[in-house]
Amino acid sequence: MNGKIYLSFKPLKTAEAIVVGNEKVIYTGDSEKARKIAEELGGEVVDLKGKIVMPGFIDSHLHLSSLGQSLKMLNLKGTKSIKELKEKLKEYVGKTNTSWILGFGWDQEELGRYPTKKDLDEVVNDKPVLLYRTCFHVALLNTKAIEIVGLEEGEDADPETGIVKENALEKVREAINEALTVEDYKHFIEEGAKFVLSQGVTSVGFVSVNKKSLRALLELDKEGKLPIRVFVYLDPSLLEGLKDLSLTRGVGSKKVKVMGIKVLADGSLGARTAWLSEPYEDSPTTGHPNISKEELREIVREAHQLGLQMAVHAIGDKTTDMILDIYEEFSAERNRIEHASILREDQIKRMKRLGVVASVQPRFVISDWWAVKRVGKRRAKWVYPFKSMLEEGITIGFGTDSPIEPVNPWESVYAAVTRGKFEGIETYDYTKDECLSLEESLHSYTYGSAYIMHAEDELGTLEKGKFGDFIIVDQDPFEVKEEELKDIKVLEVYVSGSKNY
């Protein structure tokens, strides 16, 4: 009570008090009435003393186990040279005793060139090293790692340089994950969930979930160790098992729900592995799909037979064409496109007609500061067209793809509202009309994310009957300058009305 509580953002509704009972919101409105209800029910009264409350953020697309794992990995984001990369690697190796040296976050655009295995071997030659590019679609291995995984030359692998991409990288990941146990995954997920909660995120869409991750998640839920809600999008390899059990969408508990299947259909713009309908502006390649149309169609068919939701990664517009062709064959409510990074106007209209929704990552706009260089000025207007999708009537949910982008929701809100204006990013010059209002951004990060995960009846706003998942922040987002949005801090987090952080 005695606060400013944002109940929803579209429409913008506020109250000065809220009562949560039996995990759900049972009253919103006047402070004194709220106090009386709480006292009659023997509840706890919290005096906000004017503080700001809003619905918990819902990150519709992240990798929870990878995030937990990355918290202990070498973080190379912001590294500006090969020399600096080697220095950071040397320092990290001196402080860790893990069997594999794992890191992430380098970008050849900032380093001046692609790093090579020779660079790594000069620092570490007695342990395997794997360093992911910032997009996690490309990685660099040292000689020891190449020997262990038995890397052979192919379209996506170059043992001479140590660079691996897409499907070849997936095989490397599998080799590493083979050594991990369910207990390891439990540790990663628990650490990731705690960190997510500390950032004001109360629900997540956990994508690309493998068998060990699923087991770990279910065990943590049973043990009461999950502080957040998790909507699960499984790896296609688990489809057979789902068919045997006849599992369908929504199976689970209050904290864990199986929602659908996630497919990685192409790569990234940064690595030029996203599949475009025309060649890249700075390379003769068009990129390529990671899966054939026939394979994707079969996965979608089997998922739809089980009533599961589809979530398919599409960075390039050619990939989106393939996905929409297949979605049109299998009409189902709220099929998802993940990222939707390059979208033509005709594709946006087609998505609306087919009832397709999208999980978008606004922070990509700032991280991909070189995007215009990749697609050229003519196609620049197709880059992350959030406003165009909303104006067409497409529901979008926000996500971070963490650990690829920071989990902190205010970084994403800031990016959606400003689109690199204050960083001097070229994309802004061509797409300033795609900037979202603060209301649109916060709505997409709460109700929008809930909607694309079939959870809008229980989450996304603080209306009566919904779960009491909310956060207390140090500033009213509607009273700060837009360049200060990313500096807002989360003070407390409540899930089901209980203070968890």
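Visitor: How many bridges join strand E6 to E13, and in which sense do the two run?

Guide: Strands pair if DSSP finds at least two bridges between them. Strand E6 (residues 57-62) and E13 are joined by four bridges, and they run parallel. Helices (H or I, at least four residues) and strands (E, at least two) are DSSP runs, numbered from the N terminus. This is a predicted model: local features need pLDDT of at least 70, side-chain atom pairs count only at pLDDT 80 or more, and totals for chains, interfaces and linings use all residues. Residues are numbered from 1 along each chain as its sequence is written, and side-chain values use heavy atoms, with hydrogens and water left out.

Visitor: Over how many bridges do E13 and strand E14 pair?

Guide: Six, again counted between parallel strands; E14 covers residues 229-234. Look at Ser203: its bridge partner in E14 is Arg229. From E13 the chain passes through helix H9 (residues 211-222) to E14, in a right-handed β-α-β crossover. Right-handed means that, with the strands pointing away from the viewer, the path from the first strand over the helix to the second runs clockwise.

Visitor: How many of the nine residues of strand E13 are buried?

Guide: Buried means under 20% relative accessible area, exposed over 50%, partly exposed in between (1.4 Å probe, protein chains only). In E13 (residues 201-209), eight of the nine residues are buried, so the strand is largely enclosed by the rest of the structure.

Visitor: In what order do the six strands of the open sheet stand?

Guide: Read across: E7-E8-E9-E10-E12-E11, with mixed pairing. Strand E7 (74-75) and strand E11 (157-158) are the edges, each pairing on one side only. Inside the sheet, strand E10 (residues 138-141) pairs with strand E12 (residues 163-165) over three bridges, in the antiparallel sense. There Leu140 stands opposite Ile163 of E12.

Visitor: Which strands does helix H3 lie across?

Guide: Contact means heavy atoms within 4.5 Å. Axes are lines fitted to C-alpha atoms, for helices over the stretch in contact, and angles run from 0 to 180 degrees between N-to-C directions. Helix H3 (residues 82-93) lies across E7, strand E8 (101-106) and strand E9 (129-133), at about 150 degrees to E8. Helix H7 (residues 166-178) lies across E8, E9, E10, E11 and E12, at about 100 degrees to E12.

Visitor: Where is Asn22 found?

Guide: In the loop between strand E3 (17-21) and strand E4 (24-29). Asn22 has a positive phi of about 55 degrees, although it is not a glycine. Its relative accessibility is 74%, so Asn22 counts as exposed.

Visitor: Does Ser496 count as buried or exposed?

Guide: Buried, at 14% relative accessibility. Ser496 has a positive phi of about 55 degrees, and it is not a glycine. Find Ser496 in the loop between strand E22 (490-495) and strand E23 (498-499).
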